[in-house]
Amino acid sequence: MMNSVVIERPGALTLEKRDIPQPARGEVRVKVRYASICGSDVHIWHGHNPFARYPRVIGHEFFGVIDAVGEAVDASRLGERVAVDPVVSCGHCYPCSVGRPNVCSELQVIGVHRDGGFSQYALAPAANAYTLPESIPDTLASLVEPFTIAANITAFLQPMANDIALIYGAGPMGLTAIQVLKGVYGVQQVIVVDRLPERLALATQSGADRVLDNSERPLAEQLDGIQPTLIIDAACHPAILAEAVALASPAARIGLLGFSGDPCTLTQQSLTSKELSLFTSRLNSKRFPQVISWMEQGLIHPEKLVTHTFALSDVEQAMTLFEKQPRSCCKVILKVD
Ligand code: NAI
Ligand code: MN
Ligand code: ZN
């Protein structure tokens, strides 16, 4: 038997004893060592994730060792240290055929649509289990996944050294974006806006050149005419897009990560007069190798996001802290093994 964190139905989180699953054809079984908590795990717990099915073992950011393989998987993979890409795609629909498996028409996300990694064992398609170099420590390996979100959106935005970047939000998503803009793309000016000074301090640690607190003074006033050429909304309040469009330089690119169902109001003119480009990005399209290589080269620093570590058995306490204390808590690691 194994311990798994199960959301039985919205609002009901339990630590449950379950049978250790057997890998099907093409799958591996991962003995999970570390996992990390994401906002979407909290949303599934509270019933606010439109994609979740219940009961569900949550967790889509996890790392471990392959301890069993299904039919048609090379047994030489046993013992490999792997980070698991939670995006499971069909491989033959239109989005899959154009390299966008993250929006596959039959998309399944491990930890959302199927059982995930807050568990002593988890199953995944063998192709989703990416071997890690020894230079990436066990404790940080589950953070490959959140960095793939930044890898995916920046692939659309094509940052340049001479961009003036503006990032809304210094939560995990904003921090990964800062690190990728600075460490990978060498963007010279990265400005970050948040309402919490503690989060802005993390932004500075992750490499932000300038941090702005918009809790009292409007952002436009503080920017004082500076027109960002690249904007990422990693705060995701629906009111942000219109402000970003108004502040943006002509020819700027704007990246959106939010999933709000509330409308946001924009005019065509506000976009077209400056010929702005809007990109949206969901999860990642096979970006694990890229992020693993960035970590290996020391271009990004996942340890800068981590504020807490808990044992799997303390998952409810860990998720409550993560949800309620954004000033003191950023990324939380669960020690599973
Ligand atoms: P978080 O809640 O930890 O961080 C958001 C930050 O934005 C907080 O520090 C908050 O103080 C700040 N903020 C909120 N409203 C603001 C405003 N009006 N102006 C300035 N700052 C503001 O969340 P996390 O984990 O960083 O995720 C951010 C967003 O990204 C969430 O909405 C999440 O749903 C979305 N997301 C999207 C993904 C995708 O693939 N598209 C993947 C993961 C997250
Ligand atoms: Mn996540
Ligand atoms: Zn597909």
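This is a predicted model: local features need pLDDT of at least 70, side-chain atom pairs count only at pLDDT 80 or more; totals for chains, interfaces and linings use all residues.
## The annotated domain

Let's start with what the record says. UniProt, in an unreviewed entry, places the feature "domain: Alcohol dehydrogenase-like N-terminal" at residues 25-134. Across that stretch, the chain is 33% strand and 11% helix.

## The manganese site

Now for the metal. Three residues coordinate the manganese ion (ligand 2): Cys38 through SG, His60 through NE2 and Glu61 through OE, at 2.1 to 2.6 Å. Along the chain, these donors follow the spacing C-x21-H-E. Cys38 is in the loop between strand S3 (27-36) and helix H1 (39-46), while Glu61 is in the loop between strand S4 (56-57) and strand S5 (62-69), so the pair ties together parts that are 23 residues apart in sequence.

Are Cys38 and Glu61 buried or exposed? Cys38 counts as buried because its relative accessibility, 17%, falls under the 20% cut-off. Glu61 is buried too, with a relative accessible area of 0%.

## Helix H3

Further along comes helix H3, which takes up residues 144-157. From the first C-alpha to the last, its 14 residues reach 20 Å, close to the 20 Å expected at 1.5 Å a residue.

How many of the residues in H3 are buried? The count is 12 of 14, so this helix is mostly covered. Among the buried ones are Val144, Phe147, Ile149, Ile153 and Leu157, and the list also includes Glu145, Thr148 and Asn152. Just after H3, Gln158 takes a positive phi of about 45°.

How values were computed:
Residues are numbered from 1 along each chain as its sequence is written. Chains are lettered from A and ligands numbered from 1 in the order in which they are written. Side-chain values use heavy atoms; hydrogens and water are left out. UniProt positions are given in the numbering used here, feature names are shortened, and annotations may be inferred rather than shown by experiment. Helices (H or I, at least four residues) and strands (E, at least two) are DSSP runs, numbered from the N terminus. The expected span of a helix is 1.5 Å times one less than its number of residues. Buried means under 20% relative accessible area, exposed over 50%, partly exposed in between (1.4 Å probe, protein chains only). Donors are N, O and S atoms within 2.8 Å of the metal (3.2 Å for Na, K and Ca); water is not among the atoms, so sites may look incomplete.
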